[in-house]
Amino acid sequence: MPIYIEGVALEISFADARRNLSELIFDTVRASVDDSGREMGEIDSVVLAAHDLVDGRSLSSMVSAPAAGAYLRDEIRFSDDGAAAFAAAMTRLEAGDNQRSIVAAWGRSSEHDPDAFSRALFDPCMTRPLGLDEFMLSAMRAQLCLGGDGVPEAHERAVTRRGDAAGRNPRALQAGGFTSAPHFPLAAGDMPLWADITVSMVLSTQPTAIRVAGMGQSSEPYLFGDRPLRTIRSLSEAADRALTEAGVPGSAVDVAEVDGLTLIDEALGLEAVGLAAPGEGMLRLADDPRANPSGGGASGYSRPTMGLLRIAEAVLQLRGQAGPVQLDGVRTALASGSSTVAGQTQTVIVLEAA
Amino acid sequence: MTDTTELITIPGNWNFDYTYFAGEAASRFFAALKESQQIMGARCPSCQRVLVPARSFCDACFKRTTDWVPVGPEGTLETFTIITAAFPGLPKPPVVIAYVTLDGADTALVNMVNGLDLTDIGAAAAKLQGQPRVRVKFVDEPEGRITDISFELTPAG
Amino acid sequence: MKSRMAVVGVGQTSYKRAHTELSSADMIWEAAEKALDDAAMDISAIDAIVMGVAPDALAGENGVEKTAIFGAGKPYVRVNTGGVTGSSAAFAGASYVGSGRAKVALVISLERMGQATTSQQVFNTIFDPVYEKDFPLTTITMAALRASMLMRVYGYRERDWAEIASRNYRSALKNPLAHIHKDLSPEDILESPMLAWPIHRFEACPMSEGACALVLAEENSVGDRNPAWLQGMASTSDAYAMGDRFHRPEGSLVDLLSLRRSAERAYADAGVTDARKDIDAVELYTAFSSAEAMTYPALGFCEPEDGPRFLQEQFTDLSLPAFNPSGGPQAANPVSATAMVRIAEAALQVRGMAGERQVPDVRRAVATGQGGATQFSTVCVLGTERPE
């Protein structure tokens, strides 16, 4: 049963004291429902991605779910990546359990400490005592992958290209935000721009211009040392599943919005989804306009919105509504979302202009 | 694992700091408490309910609220409990908290109820079960926080 | 609910204050392994895994569910809906199966609060930092506010809360997995210290750790296993603020609207028309004994004003459903898992695998879940008959 995207809205801001978290969520969810042209009475499901430690309270969905339209509806919250929530919403509609669903994710980097959040992901026995955070894992990966021929030059170009895209993307954060201190060999240009992000979509089984052609998910072991380090295996597997379902090879998509905590992860992500050959992800990120035209993590980043934001940018590309970063002739798009810890689980969505 | 393996525990600390943005609506609600000793509700244009504390949207109708109206200063106590056990970080027992629907409001507001004789818990409970009329009491120097107000029984209540 | 699926495996650790010999990953493994063994399946037969873990602060481990990924390479997502996490996770697994993307799903929930030294303070952070943090709003006072209202509106007495609690503890004596094994009479309970009027200490739930897992299989994957068919599942979320639930026409604070709505939908799917006759056992998510009173009318057992009488009938009329044969959350409340444990126990009852706590001739059982200040409610109907 095909799933269609009826409405989309997103907002990237920072420390807007005029609105509390619920109000920020309401504004974006309301906007996505308005964009869909549907009434609230036609919506019977709300699927959320939000995290207590980002929101600053346990069971934060008590106060935030109603702001996302959950009143007297079938609502569920995932403390997982936004693209995973999108996938879960798909299963509800495909199962016939619900007819039309809001999918929303949010995170306000201005209210919490993203580095403290990351450190707390590490188990108290083996890894937390070392003060590890996910950027360190990304840095260790970078160390392995940045030494190839031509890669350092490509890396510089990729950083520049990413910054330019974020500058031209009207949805990107233009003022405010902050970045975490980079660990060698990461540099400032590799880091995500922490921002306040809300993103929301309306999905249903009623045909619209945007169809979900494929969805795939996969996972990897918890300990980083248990995983292959030069590749993101879970992302390869997830992409394989999604692209097979869509009947499209990774290299043939018109746009790929690939989530990664750092620019290095985005580059490796391009290899994993098949848009770049092994070892060529950085070149691709530097030179291929199809790769993260939104500016990726440089346009604004917050856990756990990640993948849902990438899907939203892909939707805008398909609709021709991406503005100054719009590509020509976009008919298929791939978007991915990675979870903690350091991309341990991945969700890939393939979309088509119907 | 053998019986002689010593089981290790690792101490830890979970301290996260947050800055919560109260937002314009809550800030305006608190300003009204502080500056004009008024408790404000906001009306939903769809269901017409006056929501207290005043807020920027109605979650039931999923619409933005419109007018702000003052409610109270008296109201009816809906339900209560008398806290008799001590909890870390909370006021020393016995204390009474209750939901009160202020006159003009369609939702109830929670706060402490002061001035009750709590030497006999059962008797106090019986009195509160009668849904007495209460009124809002302001602290002498309001700060613009919810703790500026509390409830007390009206002389009639 | 359109597709047909069944619980074919149940796994539970025991429930106690702290599993000092187990890491969080160990606990997840233990429940999962038991469920897979019960289902006579290998991890390779699983197509999707849904984890349910509620507040990370109770475990002190952010993303604790990530520590135990097994059979890597499968879709793996984590649900957090507070108290109702266990059933939300089960329902999310059922959606994967219903969508056809999984033939068999493994759903697991973990509660690790034994690692917390200040769990009550963690629970207190569920309240609004702007309007509520300064008040003694806790999970206990939330329940007390309702209990006093139930007494005023429907005539329940303090003793009723004690009788429900006593029934729960005595049932738990037959459940080897339960945390609390104490033969407490209503008098014992009324003599326990008062926490917040009218709730006494032994009418509240313990802080328990544990993990629970279920294997859900679509009908063609059930084979000759012993199934508890999922006949109806529904979930409803209510307004956040308790103050918003007093005066609305849909239902007051004690009408448990979200549970009533979920029951209506789940019963419709399951073909339940007369709850008293059609249901043989009920596993309720009631962390406080007084909360049970709100479930009677919401679940269709009686009119609200007849609640006190229905309670007394439970003790004399054996044709009525058995309530909390496992002892319920009063005997073990591993918060993240509790709602899944209700489904697990209901499934065991339907499959005739509940050991000493087995209720005779269970054809249909209901499991409920609650989260927040009864903001989130789920109802799951399981039975021996495969749905049409």
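This report walks through a predicted model, chain by chain and then across the contacts between chains. Residues are numbered from 1 along each chain as its sequence is written, while chains are lettered from A and ligands numbered from 1 in the order in which they are written. Because the model is predicted, local features need pLDDT of at least 70 and side-chain atom pairs count only at pLDDT 80 or more, whereas totals for chains, interfaces and linings use all residues.

## Chains B and C

Let us start with the overall build of two chains. Helices (H or I, at least four residues) and strands (E, at least two) are DSSP runs, numbered from the N terminus. A residue is buried if 20 or more other C-beta atoms lie within 10 Å of its own, exposed if 12 or fewer, and partly exposed in between, with C-beta atoms placed from the backbone. Two residues are in contact if their C-beta atoms, also placed from the backbone, lie within 7 Å.

| Chain | Helices and strands | Buried residues |
|---|---|---|
| Chain B | two helices and 10 strands | 38% of the 157 residues |

Of the contacts in chain C with a separation of 6 or more, 80% are between residues 24 or more positions apart.

Along the principal axes, the C-alpha atoms of chain B fill a box of roughly 70 × 45 × 35 Å. Among contacts in chain B between residues at least 6 apart in sequence, 49% join residues at least 24 apart. Read from the N terminus, the elements of chain B follow the order α-β-β-β-β-β-β-β-β-α-β-β.

## Strands of chain B

Two strands pair if DSSP finds at least two bridges between them. One open sheet in chain B has three strands in the order β2-β1-β5, with antiparallel pairing. Its edges are β2 (50-51) and β5 (68-71), each with a single partner strand, so one side of each is left without a neighbour in the sheet. Strand β1 (residues 39-43) is joined to β5(B) by four bridges, and B:Met40 stands opposite B:Pro70 there.

Elsewhere in chain B, strand β10 (residues 149-153) runs parallel to strand β8 (residues 109-114), with two bridges between them. Strand β9 (residues 133-138) runs antiparallel to β10(B), and five bridges join the two. B:Phe151 of β10(B) is a handy landmark: B:Val113 stands opposite B:Phe151, and B:Val136 also stands opposite B:Phe151.

## Two helices in chain C

Two packed helices are described by the angle between their axes and the distance between the axes. Axes are lines fitted to C-alpha atoms, for helices over the stretch in contact, and angles run from 0 to 180 degrees between N-to-C directions. Helix α3 (residues 85-99) and helix α12 (residues 335-351) of chain C pack at about 60°, with their axes 5 Å apart. That makes α3(C) oblique to α12(C); angles under 35 degrees count as roughly parallel, over 145 as roughly antiparallel, 65 to 115 as roughly perpendicular and the rest as oblique. Among the residues that meet are C:Gly86 and C:Ala90 in α3(C), and C:Ala339 and C:Ile343 in α12(C).

## Where chains touch

Chain C touches chain A through 47 residues of its own and 45 residues from chain A. Helix α3(C) gives the most to the side of chain C that touches chain A, with six residues.

The contact of chain C with chain B takes 35 residues from chain C and 38 residues from chain B. Here α5(C) supplies the largest share of the chain C side, seven residues.

## A residue in chain A

A:Val350 lies in strand β9 (residues 345-353) of chain A. It counts as buried, with 29 C-beta neighbours inside 10 Å. The C-alpha atoms of A:Val350 and A:Gly214 are separated by 4.9 Å, although the two are 136 residues apart along the chain.
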